[in-house]
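Please look through the structure below with the sequence beside it.

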Amino acid sequence: MTDPSLLDATAQAALVRTGETSAAELVEGAIGRIEKLNGELNAVVHPLYERAREVVARGLPNGPYTGVPIVVKDFDGTLAGAPYHAGNEALKEAKHVATTTSSLFRKLEGAGFVIVGKANTPEFGLMPTTEPQAYGPTHNPWDLSRSSGGSSGGSAAAVASGMVPVAHAGDGGGSIRVPASMCGLFGLKPSRGRISLGPDEHESWAGLVVRHVVTRTVRDSAAVLDVLQGYMTGDWYTAPPPARAYTGELGAPAGTLRVGLLTSAPLGLATVDAECVAATEETARLLESLGHIVVEAAPPALDDATLLETFTTVMLASLRADLATVESEIGRPVTAADMEPSTWASYEAAGAIDAGAYVAALTKMQSWARHAIAWWLDDGFDLLLTPTLCEPPPVLGDLTDPETGGGRLLPFVLFTAPFNVTGQPAMSVPLTTSASGLPIGSQLVAAPYREDTLIRVASQLEQARPWSDRRPAVHA
Amino acid sequence: MSDSFADATAQAELVRSGQASALELVDDAIARVEKLNGELNAVIHPRFDRARDEARGALPDGPFRGVPLVLKDLFAGIEGDPLHEGMKFLRDAGYRSDHTDELAQRYLDAGFVCVGRTNTPELGIVPTTEPEAYGPSRNPWDTSRTTGGSSGGSAAAVASGMVAVGHANDGGGSIRIPASCCGLVGLKPSRGRTSLMPDYTPIDDLLVAELCVTRSVRDTAAVLDVLHGAAVGDTVRAPAPARPYRDEVGAPPGKMRIGLLTHNPLETGEIHPDCVSAARDTARLLESLGHTVEETFPAALGNPSLVGYFTTLWAATLVYNIRYWERKIGREITPADVEALTWSLFELGRAISAPDYIDAQHATLGLGRAVEEWYASGYDLLLTPTLGEPPVELGTFATPDEPMLGFIRAATFVPYTPLANMTGEPAISLPLHWNGADLPIGVQLMAAYGREDLLLRVAAQLESARPWIDRVPPVHA
């Protein structure tokens, strides 16, 4: 039998189905790898080994992933009976345990996945790097001195190092795509409304946040999207259902797609590293060699400063509202001592935002999104190609350095966050590496609700330039 | 002259078959507006010359080609036409729309000819149509009484026979309330069924739906067929119907399980016996048609704190709207520019924090989820009176010294309709009952999200079991 740490979830599930291995063996294997690697990586902050063993012993549902181990992020959803600390010291000290289970965790478990632990996250998912004071930094398996990205950096490190083939992730400004890019994974941010946040949540950060997974293979992301997508009773809004299963898009002819190429940062707010430009241009050439048409073009709206203003207002107001929930969980008002200084500064800044300003920001955000989306529909583009990030993975401590006052964050969200505002599907594909061997992702953004296009082209790219043989320095 | 009480479907057929021209229909409608408007004050911006020009020209070949229509003067702007939203501020500025929005365009693309824009309370806030800017609309059934609001101008125009279809929108009952007061059919569609582009505000995604008031169920169904569907930029998109809505009219509804609610779940006052009788009478009619009616309702609706959340959402949006019009006109709005209640709510709105708004929004979405679970547990419909009282006398909600008192008083009048705005579910008011004073008393049927098909099927069944088409108000064409 092949070492399961080298297999994706689809292949691991097949081993169980054919009887070559058992769920218990796969789960013990994953636990062993976490135990072995976590000291170096700090990817998993809440091991759930006993829970996992009990779940297996009770008998697993017969789903597409029966017996496959998975890690879920300690944010972007709750699991009844498991700790939920969101990278926050106050929740950690209160030893807070969730009492409800989010629908997407139910669906993952219903598909047969076995949750073996919860992964590290920056405090309340606010950073594109995973270095919470409460739990310490997650290290990048490709270079332990570097960031694994954020906010789903614990999940990405767990998958890249082979602990598990799939890990849950959430994305409110890039938090699926950023760590996917830094850790050499495939990260697909689905459309707004594709995966329900119910039953406890209705939307998060005014619709900026969507949830899914990071994976090593395109087929795993497609197949898990088939499991997770769809309306749940009472959802506020829902994406139009796909014409067929997303796994049906794998290997399907992509036709000739019209792709716009953008390699300079929106609003000129950062310099794009030459290696990131080169990587994106290489992806462009690869797309051309596959018969697609690539032209230098991008939605003009990306250079409209409204985007940044409204994103910030919505994010700050939402953070303050989320902290009201934390107050009810810890049973007292929050103070500066309960959170990191930068989070407290955001909390205080949010106090000045009144409802009228918030409503105005939502309205402007929607109006901006409409103009941005028009580029795909009116100008006849199928995809936008950009670097996922402006720089290769930064060293730990760089982005969180208080001296910079958050000024180092922008290069790691400028290309990703606009598509949280538009709600479009977008993905980071691990096609290239830097001269020093660090992963550099390319981002592709499709028209609204067109995950099918993304999966078709991702599967084409994966086949043309496979990445599954590349292994990081720290791997099981 | 064409029959003023022919519905839009019949009028369209006259044009299609060559029995009448678009211009004849439009001229007749204009004559009726001119005859009745002095008494009713339904149409505040006549559009007679443009309407005649359009009727003479090449109208779009839609299902309502040549049929006269009124648009409410709140949303549904047509480029170059006045849009005052019941505000003195916009009236005095002589404001005209600088673009045609998606909804108005879809009405025009269907072949409708707009003969005028109808009266609305200031910014659609109160459930009666008595703006200081344009004076009260009067109910064709009793001109001393309210037409309801906020689509009261459109309802008076349709009930009196000026036109067959009046555009209406509903953020707390503003389609269903005037439908009930004026004896019309008023369907508030599901959240995200009709496009709000490009004049989006966040409250629209949550509470507001666009459609019309009509005299026949088939007109409502056919108008929904031409209006529904998202445009680029709409976030909330209701699931597409399985077939055209007009096909639901006359389709067998099967045996439905229906909950009945006749007390006030928000505890904002007693329900008038006329309204309770209307709902109970309809319950018996539904049973006689083979449906099951049970005295039960989603428990989550029985929550007086919903009133506070609803007010928070509206007041915060009012702050946005006031600031929007300030920017557009280029002048600050002062207390002298708006009605006293508008100013009070504006001040209330300014004191609301962003997290309080988010809290109210999440509470609203939580209500929707809970009520949807009630339907999923095996119920098809919920039956209620549309209103808490028969159409009230004009002036009932005007309390100039304490403006908020009138707002609170209005909550007794409308204890049921805001619930469907908060849940996002479709709801329809049907003219199935008239009280001893010959005033229309509507009943409301609500359904699960996206199930306008069920409402239209049952509405058509009720319409044929107890037709209202021969009911004609004292003031009519």
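**A guided reading of the model**

Helix H6 (residues 153-160) of chain A is largely enclosed by the rest of the structure, because 8 of its 8 residues are buried. The model is a predicted one. The buried residues of H6(A) are Gly153(A), Gly154(A), Ser155(A), Ala156(A), Ala157(A), Ala158(A), Val159(A) and Ala160(A). After H6(A) comes Gly162(A), which has a positive phi, near 85°.

Helix H5 (residues 103-110) of chain A and helix H8 (residues 218-228) of chain A cross at roughly 115°, and their axes come within 9 Å. This crossing of H5(A) and H8(A) is right-handed. From H5(A), the contact involves Leu104(A), Lys107(A) and Leu108(A), and from H8(A) it involves Val224(A), Val227(A) and Leu228(A). Sorted by class, the contact of H5(A) with H8(A) has 5 nonpolar residues, no polar ones and 1 charged one.

Another crossing joins the two chains. Helix H10 (residues 306-330) of chain A packs against helix H13 (residues 354-376) of chain B at an angle of about 70°, and the axes are 8 Å apart. Angles of 65 to 115 degrees count as roughly perpendicular, so H10(A) is roughly perpendicular to H13(B). H10(A) passes H13(B) in a right-handed crossing. On the H10(A) side, the contact is made by Ala317(A), Ser318(A), Arg320(A) and Ala321(A), and on the H13(B) side by Ala354(B), Pro355(B) and Ile358(B). The classes in the contact of H10(A) with H13(B) are 5 nonpolar, 1 polar and 1 charged.

In soluble globular proteins, nonpolar side chains tend to be buried together. The largest nonpolar core here has 183 residues, and those that touch the most other members are Tyr358(A), Phe64(B), Tyr107(B), Leu430(B) and Leu445(B). Helix H12 (residues 355-378) of chain A gives this core its largest share, 12 residues. What does Phe64(B) contact, leaving aside its neighbours within four places in sequence? The contacts of Phe64(B) are Ala8(B), Thr9(B), Ala12(B), Ala110(B), Gly111(B), Phe112(B), Ala222(B), Val223(B) and Val226(B).

Thr220(B) belongs to helix H9 (residues 217-227) of chain B. Its relative accessible area is 0%, so Thr220(B) is buried. Not counting residues up to four places away in sequence, Thr220(B) touches Val185(B), Leu187(B), Leu211(B), Cys212(B), Thr214(B) and Leu456(B).

Glu452(B) is in helix H16 (residues 452-465) of chain B. Is Glu452(B) buried or exposed? Glu452(B) is buried, because its relative accessible area is 0%. Beyond its neighbours within four places in sequence, Glu452(B) is in contact with Leu187(B), Pro189(B), Ser190(B), Arg193(B), Leu224(B), Tyr245(B) and Pro426(B).

Thr317(B) lies in helix H11 (residues 306-329) of chain B. With a relative accessibility of 1%, Thr317(B) counts as buried. Leaving out residues up to four places away in sequence, Thr317(B) touches Val359(A), and also Thr201(B), Ile203(B) and Tyr357(B). The C-alpha atom of Thr317(B) is separated by 36 Å from that of Glu34(B), a residue 283 residues apart from it along the chain.

Note on methods: Residues are numbered from 1 along each chain as its sequence is written. Chains are lettered from A and ligands numbered from 1 in the order in which they are written. This is a predicted model: local features need pLDDT of at least 70, side-chain atom pairs count only at pLDDT 80 or more; totals for chains, interfaces and linings use all residues. Side-chain values use heavy atoms; hydrogens and water are left out. Axes are lines fitted to C-alpha atoms, for helices over the stretch in contact, and angles run from 0 to 180 degrees between N-to-C directions. Helices (H or I, at least four residues) and strands (E, at least two) are DSSP runs, numbered from the N terminus. Angles under 35 degrees count as roughly parallel, over 145 as roughly antiparallel, 65 to 115 as roughly perpendicular and the rest as oblique. A crossing is left-handed if the near helix is turned anticlockwise from the far one by less than a right angle, and right-handed if clockwise. Contact means heavy atoms within 4.5 Å. Ala, Val, Leu, Ile, Met, Phe, Trp, Tyr, Cys and Pro count as nonpolar, Asp, Glu, Lys and Arg as charged, and the others, Gly among them, as polar. A nonpolar core is a set of buried Ala, Val, Leu, Ile, Met, Phe, Trp, Tyr and Cys residues joined through side-chain atoms within 4.5 Å. Buried means under 20% relative accessible area, exposed over 50%, partly exposed in between (1.4 Å probe, protein chains only).
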